[in-house]
Amino acid sequence: MVSHLVNTIRNVVGITGNVIALFLFLSPVPTFIRIWKKGSVEQFSPVPYLATLVNCIVWVIYGLPMVHPNSVLVITINAAGTAIEVVFLTLFLIFCHDKKKRLKVLLIIMVELIFMAALATLILTVLHTTQRRSIIVGIIAILFNVMMYAAPLSVMKLVITTKSVEYMPFFLSLASFANGVAWTTYAFLPFDPFIAVPNGVGTIFSLAQLLLYATYYKSTKRIIAARKEAKMEMHLSLSELAVANGDVDPKKTAGATP
């Protein structure tokens, strides 16, 4: 009875984690809509998508029945994440007009796929028990997962330096925190250190982002308001200068003012 209850709770938490993780994987959609409309990747970096791709593939391998049995929910969300990242990277390559940058991204993708294929082959042929396979793939998965969660650290540094959370989306940080909590909880039903460790670390990183957001939220509002005011003052100064130089008819300027 207790075992059945624990398994039911684990499945519910896992499904919740899948939904939250799907939201995280889809969070770059507005960025790619912008890329699509402008027909260029501009200064956007492919690194987050390359990191997420390799992370998802590792977790798909980890969740295979012959590697770590009873991990269907781990496979489903990471398979979806892999597909989403493939679409993102395809769009990135299509709209990247820098040939060197495009070639570099292609080479990295090839290296990632070769590494994953080699890992899967070695795991399934050299190691003959699910326990050993889980340990090796789990350790590698922890490394890639922590790297993915650590990616926002550069943004956190920017927040502290500028005292502004303008470039740290609140809902993404909140979703990262919820995702970390859900998968850490899942990892304790029963205990799975390879899921618990990276998601526990990710929860801490995400909580730090939320605390930074709470700390600098008011100062961000002041900074944005001051910037708008400065722009308005600059516009007025330019208008007055144009009138003084005779470039603009004062009557038209006055008439245009409500």
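From the N terminus on, the elements of the protein follow the order α-α-α-α-α-α-α-α-α-α, which amounts to ten helices and zero strands, where helices (H or I, at least four residues) and strands (E, at least two) are DSSP runs numbered from the N terminus. The radius of gyration is 24 Å, well over the 18 Å that the globule rule gives for 258 residues, so the protein is more spread out than a compact globule; the radius is taken over C-alpha atoms, and the rule is 2.2 Å times the number of residues to the power 0.38. Along the principal axes, the C-alpha trace spans about 85 × 45 × 30 Å.

The model is a predicted one, in which local features need pLDDT of at least 70 and side-chain atom pairs count only at pLDDT 80 or more, whereas totals for chains, interfaces and linings use all residues. Residues are numbered from 1 along each chain as its sequence is written, and side-chain values use heavy atoms, with hydrogens and water left out.

The unreviewed UniProt entry places the feature "transmembrane region" at residues 12–35, 47–65, 71–94, 106–129, 135–155 and 195–217; such annotations may be inferred rather than shown by experiment. Among these spans, residues 71–94 are 96% helix and 0% strand, with the end C-alpha atoms 35 Å apart, and residues 106–129 are 88% helix and 0% strand, with their end C-alpha atoms likewise 35 Å apart.

Buried residues (under 20% relative accessible area, with exposed meaning over 50% and partly exposed in between, for a 1.4 Å probe and protein chains only) make up 37% of the 258 residues. Cys56, at 0% relative accessibility, is buried, as is Cys96 at 1%. The structure holds zero disulfides, that is, pairs of cysteine sulfur atoms within 2.5 Å.

Two salt bridges are counted, each defined as a side-chain nitrogen of Lys or Arg within 4 Å of a carboxyl oxygen of Asp or Glu. Glu42 pairs with Arg34 at 3.2 Å, N to O, and also with Lys38, where the closest N and O atoms are 3.4 Å apart. Through these shared partners, Arg34, Lys38 and Glu42 are joined into one network. Glu42 is partly exposed at 30% relative accessibility, and Arg34 is partly exposed at 40%.

Leu22, Leu26, Val29 and Ile33 make a nonpolar surface patch of about 290 Å², to which α1 (2–26) and α2 (29–38) each supply at least two residues. Leu22, in helix α1, is partly exposed, with a relative accessible area of 34%. Patches are made of residues with over 30% relative accessible area and no salt bridge, nonpolar side chains (Val, Leu, Ile, Met, Phe, Trp, Tyr) being joined within 5 Å and like charges within 9 Å.

Key. Areas by Shrake-Rupley, 256 points an atom, 1.4 Å probe, with all protein chains shown as cover.
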